[in-house]
Every structure is written in structure tokens, then in C-alpha cells.
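Dear colleague,

Please find the structure below for your records.

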Amino acid sequence: MPNYEELQQLVTQVRRDILRMVHKVNSGHPGGSLGCTEFFVALYNEIMELKDGFDMDGIGEDVFFLSNGHISPVFYSVLSRRGYFPTDELNTFRLIDSRLQGHPTTHEGLPGVRVASGSLGQGMSVAIGAALAKKLNGDDHLVFSLHGDGELQEGQNWEAIMYAAGNKVDNLISTIDRNGQQIDGATEDVLPLGDVAEKFRVFGWDVLEIDNGNDLEQVINGLNEAKFRTGKGKPVCIVMTTEMGNGVDFMMHTHAWHGKAPSDEQLAIALAQNPETLGDY
């Protein structure tokens with residue numbers, strides 16, 4: 001059984017990391033990062049089968065691709081606290097010559113990052129390619145990916161979604177972060193997405209939903225259920241409802257913190273709501 005107390009402590013510490021990283025350089029995307037903290041903590045500490053060390057091929061282990069690369073703060077924090085690179089390197093977030101750029105890149109050689117992302121809509125295609133490569137290699141491990149809901153407004157996604165079902169890419173689990181917000185406002189105001197789960201079903205995917213993606217138990221149970229559904233002829237989609245800015249009261253229920261850093265005073269308030277648990281970097 002997962003140790004939910006330890007995982008929750010990690011969630012709280014990761015939220016502190018996110019806030020402090022973005023505040024230091026007055027730049028970055030805290031809203032989506034805070035909303036997906038439980039997902040990343042669960043994925044890297046309970047769900048994926050991972051080898052010691054890191055190599056780009058990822059043979060003999062599960063792999064993950066972040067499509068909505070602007071939420072790099074949560075990705076970097078979880079990677080560092082999983083041991084991929086020293087936690088104090090989080091101090092270099094978005095600095096010149098840092099391996100921790102605003103959007104993940106590969107040419108800096110940061111362990112844990114297998115694809116540059118940030119140009120939205122491309123991650124699904126990348127994940128499908130990796131999943132097919134695993135099949136060709138006889139590797140029975142899984143490919144996971146994460147996508148923003150606003151990102152689904154990019155047409156390339158739907159070509160890839162159709163391709164994955166048509167070619168029975170059933171070693172792929174793609175999660176949609178359904179927080180209902182994007183840079184310019186609510187997704188339903190910018191370009192309504194309708195019933196995302198039903199869209200994936202019609203395109204031939206096996207779909208499950210996580211009603212509260214900010215509840216660790218629901219996230220872990222949902223991801224485990226998704227793993228159980230792989231290998232049955234269909235790619236698997238999780239539609240996960242989250243709250244952008246979760247864990248910081250003044251960042252929730254708005255798109256305003258999609259890409260804005262907190263002031264000194266706001267940081268103090270936010271950190272008070274997320275007390276240090278595992279040691280600040």
C-alpha cells in the first residue's frame with residue numbers, strides 16, 4: 001500500500017519548490033504546476049517502473065513525456081527529489097546556461113528529460129512514437145504522457161489520437177489535465193472543448209476519469225486502473241480534473257496564475273500554506 005503520509009509530505013515540499021523557483025527569477029508557470037503536483041508525485045514514486053540511473057533510450061523501464069512543457073517547475077522538482085539530479089540545482093531555474101530552462105530541453109543533458117517540449121500539441125505524437133518503438137524492441141514497459149486541456153485545441157493532437165487507436169498503440173497512457181484554464185482565460189471561453197472523455201472514446205481510446213486529480217489516492221488508483229487496461233488493443237486516456245494553482249488559495253479558481261510569479265508578500269503567504277516538510281533546497 002502507498003504511504004500516503006510520506007507522499008503528501010512530498011507533494012507539499014514540491015509545491016514549495018515550485019513557488020520558490022518561479023519567485024526567484026520572477027518568471028515561470030506556477031498555476032498548472034501546482035495543479036499537477038499530485039500526478040507527478042504519484043507517477044514517479046508509485047506508478048512507473050524505473051531503472052537506476054538515466055539513459056535516453058529508456059529500454060527496460062517505463063518512460064514519461066511532458067507535452068505541456070511550460071509546467072516545467074513541477075517536473076524539475078519531482079525529478080530532483082526522485083534523485084535524477086541534485087536538488088540544489090533547482091536554484092538555477094531559468095538562469096542563463098542552466099540545465100533547467102523554462103521549457104524542458106535535451107541539449108543541456110538534464111537527466112529525466114527525453115524530449116524538448118513547450119511547442120504545444122506535439123507530445124502525443126512523440127509518445128506514440130516511443131510506444132511503437134517499445135513494441136518493436138519487444139519491451140513490455142509503458143509510455144506515459146501528460147497534456148493540457150487547452151493544448152487539445154492544437155489540431156495535431158487529433159491526428160495523433162486517431163493514429164494511436166487505428167494502430168492499436170495499447171502500451172500508451174495519456175493523461176489530460178482538465179483544469180479548465182489556459183493562458184487567455186477559461187477554456188470554455190477561449191474555445192470550448194466539450195466532452196473530452198467522449199471525444200477520446202469516439203476516436204477509439206479506452207477512457208477513464210479521475211474526478212479529483214488533487215487527491216493522491218484517486219490519482220494513484222486511477223493510474224493503476226489505467227495500467228490494468230493496457231495491452232488490450234486500445235490506447236488508454238485518463239481525463240483528470242484538477243484545480244490550477246491548487247494548494248495556494250489566491251492562485252485557485254482563475255487563469256491569472258498560468259504564467260505569473262508571486263511577489264515577495266505573496267510568496268510568504270503561499271509558503272505559509274505549504275510548510276516545509278522535507279527540507280528546502
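**Findings**

In this predicted model, Phe144 touches Leu43, Ile47, Met48, Asp62, Val63, Phe64, Phe65, Ile173, Leu223 and Lys227, leaving aside residues up to four places away in sequence. Phe144 is also listed with Phe40, Leu43, Tyr44, Phe64 and Leu223 as the residues with the most contacts inside the largest nonpolar core, which has 55 residues. Helix 1 (residues 4–25) gives the most to this core, contributing eight residues. Apart from it lies another core, of 25 residues, which includes Val63, Phe65, Ala130 and Val207. As general background, nonpolar side chains tend to be buried together in soluble globular proteins.

Helix 3 (residues 37–47) is mostly covered, with nine of its 11 residues buried. Among the buried residues of helix 3 are Phe39, Phe40, Leu43, Tyr44 and Ile47, and they also include Thr37 and Glu38.

**The sheet and its helices**

Five strands form an open sheet with parallel pairing, in the order 1-2-3-7-6. Strand 1 (63–66) and strand 6 (206–210) are the edge strands, each pairing on one side only. On average, neighbouring strands of this sheet are turned by 20° against each other, direction ignored.

Helix 5 (residues 123–137) packs on the sheet, where it touches strand 1, strand 2 (143–148) and strand 3. The direction of helix 5 makes about 175° with that of strand 2. Helix 9 (residues 216–229) lies across strand 2, strand 3, strand 6 and strand 7, and runs at about 170° to strand 6.

Strand 3 (residues 172–178) and strand 7 (residues 236–241) run parallel and are joined by six bridges. Within this pairing, Ile173 stands opposite Val236, and Ser174 has Cys237 as its bridge partner. Strand 7 also pairs with strand 6 in the parallel sense, over five bridges; here Leu208 stands opposite Ile238. Five of the six residues of strand 7 are buried, so this strand is largely enclosed by the rest of the structure. Strand 6, helix 9 and strand 7 together make a right-handed β-α-β unit.

**Salt bridges**

The structure holds 14 salt bridges. In one of them, the side chains of Arg16 and Asp280 meet at 2.8 Å, N to O. This pair links distant parts of the chain, with Arg16 in helix 1 and Asp280 in the segment after helix 10 (264–272), 264 residues apart. Arg16 is buried, with a relative accessible area of 9%, whereas Asp280 is partly exposed at 28%.

Another salt bridge joins Asp17 and Arg81, whose closest N and O atoms are 2.6 Å apart. Asp17 lies in helix 1 and Arg81 in helix 4 (residues 72–81), 64 residues apart. Asp17 counts as buried, at 0% relative accessibility, while Arg81 counts as partly exposed, at 21%.

Glu89 forms a salt bridge with Arg99, the closest N and O atoms being 2.8 Å apart. Glu89 and Arg99 both lie in the loop between helix 4 and helix 5, 10 residues apart. Glu89 is buried, with a relative accessible area of 14%, and Arg99 is partly exposed, with 26%.

With kind regards

Conventions. Residues are numbered from 1 along each chain as its sequence is written. This is a predicted model: local features need pLDDT of at least 70, side-chain atom pairs count only at pLDDT 80 or more; totals for chains, interfaces and linings use all residues. Side-chain values use heavy atoms; hydrogens and water are left out. A nonpolar core is a set of buried Ala, Val, Leu, Ile, Met, Phe, Trp, Tyr and Cys residues joined through side-chain atoms within 4.5 Å. Buried means under 20% relative accessible area, exposed over 50%, partly exposed in between (1.4 Å probe, protein chains only). Helices (H or I, at least four residues) and strands (E, at least two) are DSSP runs, numbered from the N terminus. Contact means heavy atoms within 4.5 Å. Two strands pair if DSSP finds at least two bridges between them. Axes are lines fitted to C-alpha atoms, for helices over the stretch in contact, and angles run from 0 to 180 degrees between N-to-C directions. A crossover is right-handed if, with the strands pointing away from the viewer, the path from the first strand over the helix to the second runs clockwise. A salt bridge is a side-chain nitrogen of Lys or Arg within 4 Å of a carboxyl oxygen of Asp or Glu.
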